[in-house]
Structure formats: structure tokens, C-alpha cells
Amino acid sequence: MSETIQTLLQESRTFPPSPEFIAQANANDPKIYQDAAADPEAFWADWARKLDWFEPFDTICEYTPPYAKWFLGGKLNASYNCVDRHALGDRRNKPAIIWEGEPGDSRTITYGELKDEVSRLANALKALGVGKGDRVSVYMPMVPELAMTLLACARIGAAHSVVFGGFSADSLEERTNDAQCKVIVTADGGWRRGGIVPLKSIVDEALDLGCPSVTNVLVLKRAGKPGDLTNGVKTPAYNEGKWVEGRDIWWHDLVASQSTDCPCEPMDSEDLLFVLYTSGSTGKPKGITHTTGGYLTGTMATSKLVFDLKEDDIHFCTADIGWVTGHSYIVYGPMANGATVLMYEGAPDTPDKDRFWRIIEKHKATILYTAPTAIRAFMKWGTEYPDRCDLSSLRLLGSVGEPINPEAWIWYQEVIGKGKCPVVDTWWQTETGAIMVTPLPGITATKPGSATQPFPGISVSVFTEQGGKTEVTGPDVTGTPTGGFLVLTKPWPSMTRGIFNDPTRFQKTYWSRFENAYFAGDGIKLDEEGYLWLLGRVDDIMLVAGHNISTMEVESALVDHHAVAEAAVIGKTHDIKGQAIAAFVILRSGHENHEGLVDELKKHVAHKIGALARPDDIFISAELPKTRSGKIMRRLLRDVAEGRALGDTTTLADPTVVHLLRDKYEASEG
Ligand code: WT7
């Protein structure tokens, strides 16, 4: 962490927006910050009124921490706002989704077609008994039907709970049960790096573990049978799962024959739109809830102003819809604006490391929104890949997921943006629903590595350990630099309405450290010019390739293995992933560290949680450094794993343990 702060604070280059960009920008008058700060409720209500309401709201905001309600009395539907209202007149023929599959197959779906498809699917869900107030589990590859599923659920007033396709059967089972989902929507499989992710067979496994609330599984045919051809590419052998008659239904059997007429359910502004699970420090994932009016307002406004979204833009967000970034900036935000989104199914290095650049060239993407971990991988692969593609359609670049190091920022700006695209580094969370700290590309002079300022209408506070509090609203902060915890003291429309069915945990996790204030879990620094620098998590959440994984979650998976007595997991600094998972493991008596055990343990974790949680390093040890009260000192384990001098060891029960551990660790690394 201290290293990050140092490199960040040495960064002094600034990049003001170009006159050409300013001239055409959706937001180019700095007054927007003052106006929004003077009356945030009025600012947000103006945005909310850009949505179509079946019944207008009468109250803008009611806030009793930790809960806010926005646009009370209003009735609307997210599917109506993201689909129907753009499927009118000539705009029906505007592409809503341009999609490319990993094998190179491609589809364009207009708003008119999207309305028909979403309506058919919504009627199919109804036929399966799904209705207003129900939940639907979604476990799909990145195909247009995934976006359609979200919109179809919203259409009939059912909440979706999307589980990223990289998660395991255990994870899917846990989330499906927690949300009490009626139906699981999945596919036979999805393409990833030339292989097939066997989604349906993983759903089977989850259901075998026990999901009593699930009555049906709706299965899209994507991978097909081994040997089938997609754009000339043969489907390899994969586990197709088992077909359970009565429970499992093919999408093409049920959806195709449905009517394209499905009226949008009028939803209360505060009705649940979705649940999305995110890692929590206890190991059990938290079902983060979002409601309709506020979430749509926040994602629509930020899409329009942060990405400077215009009618003819082609917006390429590379995140999977399994993460909040895909919810907010592939589906709801861009589509509430009637934009064209570009969606890609597979890996960035398949068939070659230029895949993203080929996609941008082919579909003439104008906006690229990706993650620092991806940018660092591109840097490592070298400039030959982007350089051999025509990226001249790009006009704006975005970054999200973790702090972006200045070198990666500059590389992104120079090599991908050719020095002419503004770079927006956007800080936010699953819990915040929409972007919170970000430049406005037509106003803000950016500094590489800084997410700059709060979005208009948002105020961010820096709370110090000593009780200092500095509130930042917009760019005109005057005062002394400070650093501490990122805290939000004022409500905003897209804030989470809590953890699904767990108000106590919501209060405890986010609202107990500081009174009546939301603690985001991130460290933050404010510089002398009023710029905010995000410094990473201050809790037990790791950011591995931009994905939240809790140390506890991985520890639980490790001790679940019969050979493991105890495990301590840390996030270790990694060049590309930001953090990599390192685990220290004590074996149960009677178990020896044999050849292949470490691999077996890594596999076990991947099987329990998903491949994204597979530890890079597992070190088997006889003892772990503990305090006298028995608490494992992860700080010292981080020192060991990162090869640093050991920090303060005086609170340890037995300081020799950690010295011995370090010597052995270093010896094992050769
Ligand atoms: C955590 C939230 C928001 C969508 C993706 C992640 C980190 C996110 C940035 C950024 C520094 C960032 C924070 C945050 N984070 N964006 N631009 N700069 N850190 O959503 O999985 O809910 O994770 O990601 O630590 O708390 P998430």
C-alpha cells in the first residue's frame, strides 16, 4: 500500500480536455458541479424526469440512514425505459446490441427486435410461473440473451440475480438459495479461450446440492453438440450435463412460440430490480439489492456524462454482465439512454492477443471501458497488437475495478487513445450502483492514477483515523491534503437498499464504523488540488484482477479440504492482476506435504469458489504467526510473501515463528 501511495503522489502530469472535445461534450460547463452541490435532490430529480414514468413521483428523497428511498410515489418499468421507449418510430431500427461471439460469429439486434425478444422471453418466464416479486437466477455466457434475460425479468417485475459464469456450483447453489430463486436461466455452455464453459452441467451440480426453490431451468443452446460448427469453429467435447425432463426446458422450445406482446409491469420506484452477490469479509457473499427508479437514474446520468454518450456512439464495455459493471454500463445505463452497446463473449487473447482491437476496428467502437488488470496485460503483450489495428474510431477511454497505476494510465492514453481520447478513471462499487468518483471528460483536467472528483450531486468524505472529516463535492475543494477512509455521508439515488434479507449485516458491514455514514472499505487520499486518489481496500477483501474476493472465502475453501487444519490467505502484489492470492496452510496431523498436494489444494479452491479464486501460491507450514490472543497476523504474512523486511513483531506470541517461516518461504522460492 505505501508503495502505491508513493508512486501515485509522485505523479504530477495533468491532461486537460482538448478544445475539440469540450466543444462537443455533454457536460462542458463546470457550473454543473456548483448547481448540483447547491441542491443535489433537484439535480437528481431532473435526471429522474428524463426517464419515462407511468406515474410521476411526488417525493424526491427520504433518508433515514442506512436506508434511502428515492422518487417516492413514482411508477415506472426498467424494461420500458431501456427498450420500449427507444423502439418507437425510426429508432426501432437503431442497433441496441452489436455482439460478437468468441468463434467470430456476430449479431446485431435493433431496439425493435430487442423489444420483441425481451417480450417473448418475459412471456416464457411467466409461463414458468415467474411473476412480480419473484427472483430469477441467471448463469449465462456473454450472449445477447443474457442482456435480454435481465430486461425480461424487469419487464414482469421479477428481480434477477446474475451469477458470473466463472463461479462454481457451490457458489451458484449458495446464491440461488439465498435469493430463493424460482427459475435458473442458463445455457448449455459458453465459449472461453477455445473451450466451452459447461454452464448447464454446473447448474445440474448446484441443483444436486439442493436448491428447493427452483422449479425450472431454462437452457439456451449456445455451445451445441461437440463437433457442431460456429463460424467454422468446431465445438470441442465438453460436459453437456444431464437433461431432467419436466425441470429443464430448452429456450428455443419455449421462447420462440411466445407472443411479442408483453406489457411492462408498473413498478414502484422502490421495488427491487435486482440482487447481485459480492464478496464479504465473513466469506458468505452479500446479496446487494438495487431498486428501480434510483438505480436507473444514477446509471443513466453517469452513462451520459461520464462516457459523453451520444446517439451514434458504440459503447464497448468489456466487463461481464455477471459483475455490476456489466449491469450498469452494458445494460441499464447505456440502454436507458438508447445507446448502442458492443458485447463480446470470450477471452481477449483468442484467437490472438489483438482480439479487443480487432473488435473495435470491425465494429467501430467509439468508447472503451475496461479494467486496469486488462490494460496491464495488454502492456505486457506489447504494442504490436493494438498497432496493427485501426483504433481511430475510439474517442473516449474508461477504467474501472481497481486503482490504475500511472504507467498503465499513460500507456492506455498513448497507445490505445493515441493521445486524443480523454481517459476516465471511475471509482464505484456494486453497492453504489453507479459511478461515484470520476472525471467529466469535457471539464476535468485528469491526472494519471487519480479518479479526480465526485460526480455532480455526489459528495465524498475523507475520514481520518484521528477523527478528521473533509467533505468533497466537485472540483473546488480548498484546504489541506488529507488521507484516510472513503466515506459517504449523503444519500444518492443508486445506493444499495441493503443486503437481501440481512439488515443486521448491512448495518454492521457498512454503517457501524462511522455513525450515520456509509463506509466504503477503501483508503483514499485528497491532494492539495482537490484530487482524490483511491488506495485500495483497507479490509479483508482482495482485488484480484479487479474482482472482489475475501480472504475468508478462500480460507474457508481451503479448510474444507480434508488435509487442511488451518489456512491464512493474503493478497500479494501482482504485476498484472493487481493482487494475487497467496495462502499459508497448516496440515492436519497425519497428513504430509506430498508431491501434488499444493496443486490439489489450488484445484479444490477453484472447484469450491470458481477459477478466479485459485491461489497463485500455497505455502505449507508447520505454524503461522499469531498474536497472544490467537489472531493470525496477515500483515506479516504479506511481508513474507512480498519479500519485505518484517514489520513490527512484538505483539506475536512467538516471534521466532515468523522468522522461521520467512526463511523457509524464501528457500522454497529458490
Ligand atoms: C471495489 C468495488 C465498480 C465496478 C467494479 C468493481 C475497487 C473499483 C476503482 C477505481 C480504485 C476501484 C474499490 C471498490 N475499485 N473501481 N477506479 N479506482 N479502486 O465493483 O466488485 O463492487 O468492487 O473495487 O476497492 O471498493 P466491486
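## Around the ligand

In this predicted model, the side chain of Asp-522 places an N or O atom 2.4 Å from an oxygen atom of the ligand.

**Contacts with the ligand**
- An N or O atom in the side chain of Arg-537 is 2.8 Å from an oxygen atom of the ligand.
- The protein covers 96% of the 560 Å² of accessible area that the ligand has on its own.
- Gly-401 takes part through its backbone, with an N or O atom 3.0 Å from a nitrogen atom of the ligand.

**Who is in the shell**
- The ligand has 17 residues around it, and those that come nearest are Asp-425, Thr-426, Thr-430, Asp-522 and Arg-537.

**Helix α11**
- Helix α11 runs over residues 292-306, and its 15 residues should span 21 Å at 1.5 Å a residue; the end C-alpha atoms are 21 Å apart, which agrees.
- Most of α11 is covered, with 14 of its 15 residues buried.
- After α11 comes Asp-308, which has a positive phi, near 55°.

**Helix α20**
- Six of the eight residues of α20 (634-641) are buried, among them Leu-636, Leu-637 and Val-640.
- The cover over these buried residues includes α18 (551-559), β30 (564-574), β31 (578-587) and α21 (655-669).
- Gly-643 follows α20 and has a positive phi, near 70°.

Definitions and conventions. Residues numbered from 1 in each chain as written. Predicted model: local features only at pLDDT ≥ 70, side-chain atom pairs only at ≥ 80, totals over all residues. Heavy atoms only, no water. Helix = DSSP H or I, 4+ residues; strand = E, 2+ residues; numbered from the N terminus. Expected span 1.5 Å × (residues − 1). Buried < 20%, exposed > 50% of the residue type's maximum accessible area, 1.4 Å probe, protein only. Contact = heavy atoms within 4.5 Å. Near = heavy atom within 4 Å. Polar contact = N/O pair within 3.5 Å; in protein donor to acceptor, adjacent residues only side chain to side chain. Areas by Shrake-Rupley, 256 points an atom, 1.4 Å probe, with all protein chains shown as cover.
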